[in-house]
Amino acid sequence: MLSALEHQFRKRASKWLMRSREVEPGEVFLHQRRVYIMPTHPGLMFCVMLFVLFIGAINYNISLGFGFTFLLAACALIDMHLTFRNLAHLSLSAGRAAPVFAGEDAQFELHLINRRKHGRYAIWLDFVGEGLPNVDQAADVAALSTHSVVLSTPARQRGWLAAPRVRLQTRFPLGLLRAWSYWQPDARVLVYPQPEENAPPLPLSEAEKKDGQGQAGQDDFAGIRNYQAGDSLKRLAWRQIAKLDVDLGGALVTKYFEGGAAVEFALDFDRLPNRLDQELKLSRMTRWVIEAEARGVPYAFRLGDTVLTAALGPAHREACLHALAMYPET
Amino acid sequence: MEKSGAPSLMRPFMRRITQPLSRDKSDTLLLLATCVLVLAPHAGHLPAWIVAACSAILLWRGWVTFRGHRMPSRNLLVPIAVLTMAAVYWHYKTIFGREAGVAMLVLLLTFKLLEMHARRDLFVVLFLGFFLVLASFFYSQSIGAALMTIAATVAILTTQLSFQYTGVVPPFAQRLRLGAFILLLAAPLTLVLFLLFPRIQGPLWGMPVDAQSARTGLSDNMSPGAISRLAQSDDIAFRAKFVDPPPPKSRLYWRGPVLGSYNGRTWTPLQVRLKTNRPIVIKSHGTPLRYQVTLEPSNQRWLFALELPQTPPVLRDNASAFGPNLELLASSPINERVRYDAASVLDFELQPQESATALRLWLDLPQGFNPRTRELAATLRKRSSDNAEMVNAVLRFFREEKFRYTLEPPVLGTHAVDEFLFDTRAGFCEHYSSAFVVLMRAMGIPARVVTGYQGGEINPADGYMTIRQSDAHAWAEVWLANRGWVRVDPTAAVSPARIEMNLTSVIPRRTLGGLITLDAGQNSWLAKWQALRQNWDAVTNAWNQWVLNYTPDKQRSLIQSLGFDSADWRTLTGLLAVAASIVLAIVVLPLMWNRPQFDPVEAVYRTLCRRMARLGCARLAHEGPRAWRDRLSASDSPLAPERRAAVARFLDSYERARYGTMSKDASAVVSNLKSLLAECR
């Protein structure tokens with residue numbers, strides 16, 4: 001019954017503490033007023049023990065017993081202060097967060113910045129929110145330094161995923177008290193649609209059929225040019241590269257092809273069968289983008305207002321996936 | 001060639017202990033060491049089998065940790081634990097009470113070490129440790145015990161915090177420093193709490209029967225050797241602090257048990273009481289001498305005061321009264337150090353009028369003992385009928401015959417007094433007083449033996465007079481018509497020095513069975529040693545007075561000396577709150593006040609940043625000084641035009657100072673920046 005009551009209390013308390021959910025941009029300073037502190041279970045046990053020691057000292061008239069009890073009480077008070085100090089006046093800022101596919105874990109990088117001359121130890125961080133798994137990360141932040149922690153949270157839906165609320169807590173040094181604070185980091189992650197599993201193969205044959213030709217832009221070797229970011233590694237002209245001495249200013253070169261360019265291979269949302277659910281279509285498009293990149297097939301991309309000409313490379317891929325994640329744009 | 005076998009066997013072991021231990025192992029070993037430190041003070045009083053059992057369990061636990069073995073299963077542990085608990089019951093015949101309780105706690109702690117699984121168990125072990133530290137105060141509250149406690153507390157704190165680290169674990173020395181640091185920070189608050197926390201005097205419930213064990217001190221009987229054994233003890237019987245100037249040593253008779261019944265060997269208090277409500281008549285002369293006595297626990301009911309106290313001293317929770325023969329008796333045994341105020345008159349007449357029936361009690365002698373003494377008494381009696389003259393005659397006899405004062409008298413037979421008076425003639429105060437009283441009684445003079453302490457040593461370090469067990473003494477009282485009971489000290493007749501000076505100066509102190517005789521007068525080494533001992537005594541006395549004897553009374557007088565009229569709990573609580581807040585503020589604020597130190601250039605820059613932020617032109621997180629300056633000096637900047645120029649100048653200088661070549665004169669750069677900053681306002 002007591003634990004049920006405690007559970008209720010905790011729920012209420014956390015609701016109250018969570019009431020402000022605004023994102024705090026930039027570096028956040030854990031002001032002392034937003035650091036809370038409460039005894040832990042061992043801390044409560046410690047209080048009971050102090051009381052028993054005190055009664056014992058009275059009953060047997062042990063003067064040193066009084067002294068000892070008071071010493072322990074004072075140690076607990078000092079511990080309260082040190083625990084508080086371990087967390088308070090810490091600066092926080094959100095770091096990078098790479099996009100992920102739905103179904104994966106979004107990784108948020110968080111920086112803990114200690115501008116004080118005392119090291120901070122055993123600060124536990126986790127994301128709090130409905131239905132989030134309880135995965136803690138512990139961090140130590142040395143004096144006058146910064147420590148980075150990566151916290152992950154499942155990315156379930158495509159689109160922007162804001163970082164959940166972060167809870168920071170510490171019991172250091174004696175474990176009798178727990179100081180904690182909440183932080184809404186200013187960080188979000190773009191979640192791409194989940195790539196369809198067992199998706200049909202790239203619709204290359206479709207293009208082939210129409211034009212009666214082979215793979216678009218892959219037929220005729222037209223020469224080599226300098227490597228540009230985004231060129232597929234499969235197209236590096238290894239023979240030429242091998243001839244050149246990199247020390248003499250030689251550079252990577254890429255083979256390029258002509259012919260068949262008119263017949264571009266396209267990933268077109270509208271050409272997908274209508275019976276498919278929108279999310280499934282997006283999912284299939286996502287899979288195809290990944291596959292086209294993997295096979296080094298340049299692809300055009302059409303989705304609603306987004307129309308991209310055939311290309312390859314991370315920038316193109318990102319643009320496509322971004323469009324898929326955000327479709328339909330609001 | 002193969003070297004001897006032992007080192008090669010030792011090698012794996014050495015390798016194992018020299019290689020760094022895993023975190024778990026080192027934490028557990030630290031916990032074990034802490035437990036040993038907590039348990040050690042109890043080894044002295046626990047029965048040997050418990051000490052052995054605990055050591056075995058600790059070794060077992062150490063071995064399990066060291067080898068990385070699994071902990072023993074509960075099926076093995078529970079029967080062993082139950083067996084030892086049963087053994088405790090069998091040994092003490094109870095599991096309650098203090099001794100058995102402490103034994104149980106000790107076993108519980110050691111067994112818990114073998115049954116630790118969760119983090120919660122760590123706290124159970126440490127909290128049991130705290131209880132055991134408190135329990136060790138049952139046995140000793142000396143300064144040494146206090147130091148030991150501090151060491152144990154630091155160890156417990158260090159262990160507790162060692163388990164809290166998650167990633168980086170600093171080296172042991174650093175953790176120990178943090179543990180000690182916590183204790184150090186806690187010390188001032190502890191002092192305030194100790195002095196001001198409203199005290200309640202115990203006990204809250206009945207003291208267990210086994211609360212006290214035997215202690216040294218005067219007992220209520222005197223048989224050969226009783227006092228000479230005490231005289232070899234350096235233990236302190238009590239201390240006295242004189243309000244008035246202390247009297248000369250020869251008048252320092254601290255009266256204790258009065259013995260009137262003799263069976264030929266042992267003196268005991270007179271059991272027969274005629275009328276206990278018979279008033280004691282004392283005629284006092286002169287003004288009373290005031291002093292305060294701090295009595296060490298003796299487990300006896302006797303209280304000591306100079307002859308003769310006017311009123312029974314007031315003890316808290318322990319009424320005291322005069323016994324029928326003017327000895328001071330507390331209603332229950334003195335189990336802890338007590339302090340009382342007393343006032344005594346040194347010149348008095350005690351019961352100058354006394355009925356013949358009452359006096360007859362003090363004439364009783366056992367039949368069939370000491371015929372030669374009786375003969376001597378009869379011879380002396382014939383010479384005079386004046387009792388006072390007879391007393392002097394006997395004293396003269398002691399003085400003029402070859403009596404010797406010694407702490408190691410020969411053994412006496414059945415007719416102890418006869419043998420002493422006529423054969424051995426060597427003895428201690430108990431022999432002299434006993435023989436004197438027997439002689440008196442044989443002559444028909446009412447007489448009795450009084451035991452107590454004689455003398456005392458003023459400690460120049462703190463002005464307290466220390467009375468040790470070695471000052472234990474026995475003398476006699478005789479009843480003379482119109483003068484009442486008169487103190488006679490036959491020992492003084494033989495060895496006046498015993499009364500005038502200290503016992504130690506009368507009897508050469510022997511060590512190593514008399515091989516070396518230490519002479520206090522000539523040896524400066526010994527003098528130094530004595531000075532050292534006196535200083536140490538003073539420290540111990542201060543400890544006793546201020547720490548161990550800090551009672552509600554003492555607390556009240558402290559509060560009153562601070563200038564508060566009433567020392568009720570309200571004053572105390574208020575005072576405590578104020579003092580604790582001040583102390584906490586003093587301790588905690590410097591810890592909060594460790595702002596990061598910026599170099600002066602950076603500090604000036606930060607001032608500007610703050611100032612601009614107030615004006616709504618805060619530097620963005622990604623902005624360097626140049627980008628910021630460009631933004632601030634752009635035409636759409638919210639800054640006033642004259643301020644724009646100043647800020648731009650400042651930021652240019654800052655950029656040069658920070659990222660340009662190092663200027664030789666750093667202070668000039670800073671002062672330049674400061675003057676530019678002033679323009680920016």
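Guide: First, a definition: two strands pair if DSSP finds at least two bridges between them. Helices (H or I, at least four residues) and strands (E, at least two) are DSSP runs, numbered from the N terminus. This is a predicted model, where local features need pLDDT of at least 70, side-chain atom pairs count only at pLDDT 80 or more, and totals for chains, interfaces and linings use all residues. Residues are numbered from 1 along each chain as its sequence is written, chains are lettered from A and ligands numbered from 1 in the order in which they are written, and side-chain values use heavy atoms, with hydrogens and water left out.

Visitor: Which strands of chain A stand at the edges, each with a single partner strand?
Guide: The open sheet has three strands and mixed pairing, in the order S4-S12-S9 (chain A). Each edge strand has a single partner, so one side of each is left without a neighbour in the sheet. The edge strands are S4 (100–101) and S9 (159–162) of chain A.

Visitor: How many residues of strand S15 of chain B are buried?
Guide: Buried means under 20% relative accessible area, exposed over 50%, partly exposed in between (1.4 Å probe, protein chains only). Strand S15 covers residues 447–454 of chain B, and it is largely enclosed by the rest of the structure. The buried count is eight of the eight.

Visitor: In S18(B), which residue is the bridge partner of B:Val450?
Guide: S15(B) runs antiparallel to strand S2 (residues 253–259) of chain B, with five bridges. There, B:Arg255 has B:Gly452 as its partner. S15(B) also runs antiparallel to strand S18 (residues 472–480) of chain B, with seven bridges. In S18(B), the partner of B:Val450 is B:Trp475.

Visitor: How many salt bridges are there between chain A and chain B?
Guide: Buried area is the accessible area (1.4 Å probe) that two parts lose on being put together, summed over both. Chain A and chain B bury about 5100 Å², 76% of it on carbon and sulfur atoms. A salt bridge is a side-chain nitrogen of Lys or Arg within 4 Å of a carboxyl oxygen of Asp or Glu. Between chain A and chain B the count is zero.

Visitor: Which element gives the largest share of the side of chain A that touches chain B?
Guide: Elements supplying at least two residues each include helix H2 (41–59) and helix H3 (63–87) of chain A. The largest share, 16 residues, comes from H3(A).

Visitor: Is A:Glu196 buried or exposed?
Guide: A:Glu196 sits in the loop between S12 and helix H4 (204–211) of chain A. Contact means heavy atoms within 4.5 Å. Beyond four places in sequence, A:Glu196 touches A:Leu280, A:Ser283, A:Arg284 and A:Arg287. At 11% relative accessibility, A:Glu196 is buried.

Visitor: What is the relative accessible area of B:Asn370?
Guide: A:Asn198 has a positive phi of about 50° without being a glycine, and is exposed at 77%. B:Asn370 also has a positive phi, near 50°. B:Asn370 is buried, and its relative accessible area is 3%.

Visitor: What is omega for the cis peptide bond of B:Glu307 and B:Leu308?
Guide: B:Leu308 lies in the loop between strand S8 (305–306) and strand S9 (320–322) of chain B. A cis bond joins B:Glu307 and B:Leu308, with omega about -5°.
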